[in-house]
Amino acid sequence: DTEVTQTPKHLVMGMTNKKSLKCEQHMGHRAMYWYKQKAKKPPELMFVYSYEKLSINESVPSRFSPECPNSSLLNLHLHALQPEDSALYLCASAGSLNTEAFFGQGTRLTVV
Amino acid sequence: DAKTTQPPSMDCAEGRAANLPCNHSTISGNEYVYWYRQIHSQGPQYIIHGLKNNETNEMASLIITEDRKSSTLILPHATLRDTAVYYCIVRVRGSGSARQLTFGSGTQLTVLP
């Protein structure tokens, strides 16, 4: 199994809603990443987890809250988002820090 | 991690080799060259990586110049399904403190029928 699975594939939420994005991998990878990608732009790193601990936070606003409950699962909790937060959110995992990362297909988020 | 420079776009005829260049003149001795591609609205896909020797796998070949300041990704027989944005990234490999996998602007490759 070489897949990173992200759910849901699409999400529409209001600015007062609370929602969560989920990412799962069963490759035994110990590094997991969240990226945000706006249209026609490259992915931008948001968070890095290593061995279930937050390793990097790229100054992401607190309305985005990551969580790594176990080595296979990575969540991104969303609260009070703005329309400009609409984007493709990508999850990736890697066998260890700084080795090749494998990406999920992303969650297309629309904030209305 | 070192900065990379890629042409914004390239065209290639179907069945021909696609040669995608990347400049990384400030690369450090312990930094690898990675290539990823992203087909429209999908997640990026790992293609290949290398340090200083040329590398080949089932998807592509990677040619790194002797001074390591530039590299070329070669898709030997491009198909329409190879149309994507191709990203060249240089970064340290292995354990140690976390390093971002930072994407530059990439090259939009369009394979023409």
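Let me begin at a turn: in the hairpin formed by β5(A) and β6(A), 2 residues lie between the strands, and Y51(A) adopts a positive phi near 50 degrees. Strands here, like helices, are DSSP runs numbered from the N terminus (H or I, at least four residues, for helices; E, at least two, for strands), and two strands pair if DSSP finds at least two bridges between them.

A word on the source of what I present. This is a predicted model, in which local features need pLDDT of at least 70 and side-chain atom pairs count only at pLDDT 80 or more, while totals for chains, interfaces and linings use all residues. Residues are numbered from 1 along each chain as its sequence is written, chains are lettered from A and ligands numbered from 1 in the order in which they are written, and side-chain values use heavy atoms, with hydrogens and water left out.

I return to β5(A). Strand β6 of chain A, residues 53-57, is joined to β5(A) by 4 bridges, and the two run antiparallel. Within this pair, Y49(A) has L54(A) in β6(A) as its bridge partner. β5(A) also pairs with β4(A), in the antiparallel sense, over 6 bridges. There, Y35(A) has L45(A) of β5(A) as its bridge partner. The hairpin of β4(A) and β5(A) has 6 residues between the strands, and K40(A) in the turn has a positive phi of about 65 degrees.

How many of the residues of β5(A) are buried? The count is 6 of 7, and the strand is thus mostly covered. By buried I mean under 20% relative accessible area, with exposed over 50% and partly exposed in between, using a 1.4 Å probe and protein chains only. In β4 of chain A we find A31(A), which counts as buried because its relative accessibility is 0%. A31(A) and V48(A) are separated by 17 residues in sequence and by 7.1 Å in space, C-alpha to C-alpha.

Next, the open sheet. Its 4 strands are ordered β1-β3-β8-β7 in chain A, and the pairing is antiparallel. At the edges are β1 (4-7) and β7 (64-70) of chain A, each pairing on one side only. From one strand to the next, the twist averages 20 degrees; the axes are lines fitted to C-alpha atoms, for helices over the stretch in contact, and angles run from 0 to 180 degrees between N-to-C directions.

Inside this sheet, β3 (residues 18-25) and β8 (residues 73-79) of chain A run antiparallel and are joined by 7 bridges. L21(A) stands opposite L76(A) in β8(A). β7(A) and β8(A), also antiparallel, are joined by 5 bridges, and a hairpin links them through 2 residues. In that pair, N70(A) has L73(A) of β8(A) as its bridge partner.

What packs in the interior? The largest nonpolar core has 22 residues, of which W34(A), F64(A), L76(A) and L78(A) touch the most other members. Such a core is a set of buried Ala, Val, Leu, Ile, Met, Phe, Trp, Tyr and Cys residues joined through side-chain atoms within 4.5 Å. F64(A), leaving aside residues up to four places away in sequence, touches M46(A), F47(A), L76(A), H77(A), L78(A), L81(A), D85(A) and Y89(A); contact means heavy atoms within 4.5 Å. A second, separate core has 21 residues, including I48(B), I64(B), Y86(B) and C88(B).

In chain B, I63(B) lies in strand β6, residues 61-64. Is I63(B) buried or partly exposed? I63(B) counts as partly exposed, because its relative accessibility is 34%. Its contacts, not counting residues up to four places away in sequence, are N54(B), S70(B), S71(B), T72(B) and I74(B). Between I63(B) and C88(B), 25 residues apart along the chain, the C-alpha separation is 12 Å.

Finally, chain A as a whole. Chain A has 0 helices and 11 strands. Buried residues account for 50% of its 112 residues. Of the contacts in chain A with a separation of 6 or more, 53% are between residues 24 or more positions apart. The C-alpha atoms of chain A fill a box of roughly 35 × 25 × 20 Å along the principal axes.
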